[in-house]
Amino acid sequence: MSRGSLSVVSDAVVARAPSKVNLHLGVGPRRDDGYHDLVTVFQALSLHDDVRISPSSALSVTVRGESAASVPADESNLAVRAVFALGAWADRAAKVSIDIDKAIPVAGGMAGGSADAAAALVALATLWQLDIDRDELSRIAAELGSDIPFSLHGGTALGTGRGEQLIPVLARGEYHWVLAIAREGLSTPAVYGELDRLRDNRSGSELDESELLARPDALMQALASGDPEAVAPLLHNDLQPAALSLQPTLRRTLRAGIDAGALNGIVSGSGPTCAFLCADETEAVNVAAELSGAGVTRSVRTASGPVPGTRIIDPT
């Protein structure tokens, strides 16, 4: 019997993983290894991807949904890497079929690839009935990508390190978002590279690491209050200037969302999705309608948060 295995079930298993928005993203100076330390506040949103894992004679990948053609179906796909990683942990051959239903934007700064990896881990662990808890899954997830542990846990959380070290954050109430999906994606490494370039060109100014990586205590207090109007002015993203530098049209998108009535707007993560916090669900619907007609984005979605992390759903 393979490591941690109880038995094998034959039915397909479907896991649902949330998207995320960074309410705060502080990025430290580039380290010698090329990475950056982060201090971030994640919130999991209702916009989600579903991943179906089923037994097969060989590994295969199918992707459906918006921008599915942009998702790789080889070993560069994070869901595939997750299946191989869990297979190595359990000493099993990764002979499964992976079917991904995409709703989270591809290369949109909302952790779509990370969500797929988290869903693949949870679905495969269930399919194989592995004796593995979320802490061990999180350890495997962190080796695959910085955002994947949060995709597993969901809710609202403070992330440090590369974003993989998580502490739950109290967020009372429900927050309503409008998501403006850009016509073209942005490469996360390219955005970080642009941030480094912009900082390097800032003549005569030293980066204060303690300031860049300070805990956003005011934001976390506002989240605990459950008041979106208190949260809105505290939204912050160090990567936003770099994303705007690479896609200047995002300035128009951000302006249009504010003009439509959003409390505030921010580039989500490395972008280019723009996330607009609204006062309530009705306002979110109104802002979404205004943005849809403004011609500044490919598509518009509404979402709410926080929502739970990756979980098994009924395949039907």
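The model is predicted: local features need pLDDT of at least 70, side-chain atom pairs count only at pLDDT 80 or more, and totals for chains, interfaces and linings use all residues. Residues are numbered from 1 along each chain as its sequence is written, and side-chain values use heavy atoms, with hydrogens and water left out.

**Helix 1**

- Helices (H or I, at least four residues) and strands (E, at least two) are DSSP runs, numbered from the N terminus.
- Helix 1 covers residues 78-90, 13 residues in total.
- Its first and last C-alpha atoms lie 18 Å apart, close to the 18 Å expected at 1.5 Å a residue. The expected span is 1.5 Å times one less than the number of residues.
- Just after helix 1, D91 has a positive phi of about 60 degrees.
- Buried means under 20% relative accessible area, exposed over 50%, and partly exposed in between (1.4 Å probe, protein chains only).
- The buried residues of helix 1 are A79, V80, A82, V83, L86, G87, W89 and A90.
- Their cover includes strand 2 (36-55), strand 3 (60-65), strand 4 (96-102), helix 2 and helix 3 (134-144).

**Nonpolar cores**

- A nonpolar core is a set of buried Ala, Val, Leu, Ile, Met, Phe, Trp, Tyr and Cys residues joined through side-chain atoms within 4.5 Å.
- The largest core has 67 residues; I53, L86, I98, W177, L179 and L223 touch the most other members.
- Helix 2 (residues 112-127) gives this core its largest share, eleven residues.
- A second, separate core holds 29 residues, among them L239, L250, V267 and L291.

**Two residues and their contacts**

- Contact means heavy atoms within 4.5 Å.
- Leaving out residues up to four places away in sequence, L179 touches L45, L47, M110, T273, C274, A275, S299, V300, R301 and A303.
- T253 sits in helix 10 (residues 250-259). T253 counts as buried because its relative accessibility is 3%.
- With the sequence cut-off of four places again applied, T253 touches A180, C274, F276, L291 and V296.

**Salt bridges**

- A salt bridge is a side-chain nitrogen of Lys or Arg within 4 Å of a carboxyl oxygen of Asp or Glu. The structure holds 14 of them.
- R64 pairs with D101, the closest N and O atoms being 3.9 Å apart. R64 is in strand 3 and D101 in strand 4, so the bridge ties together parts 37 residues apart in sequence.
- R64 is partly exposed at 42% relative accessibility, and D101 is partly exposed at 37%.
- R139 bridges to E136, with the closest N and O atoms 2.8 Å apart. These two are three residues apart in helix 3, so about one helical turn separates them.
- R139 also forms a salt bridge with E143, the closest N and O atoms being 2.9 Å apart. R139 and E143 are four residues apart in helix 3, about one turn of the helix.
- R139 is partly exposed at 37%, E136 is partly exposed at 21%, and E143 is exposed at 57%.
- Salt bridges with shared partners also join R30, D196 and D200 into one network.
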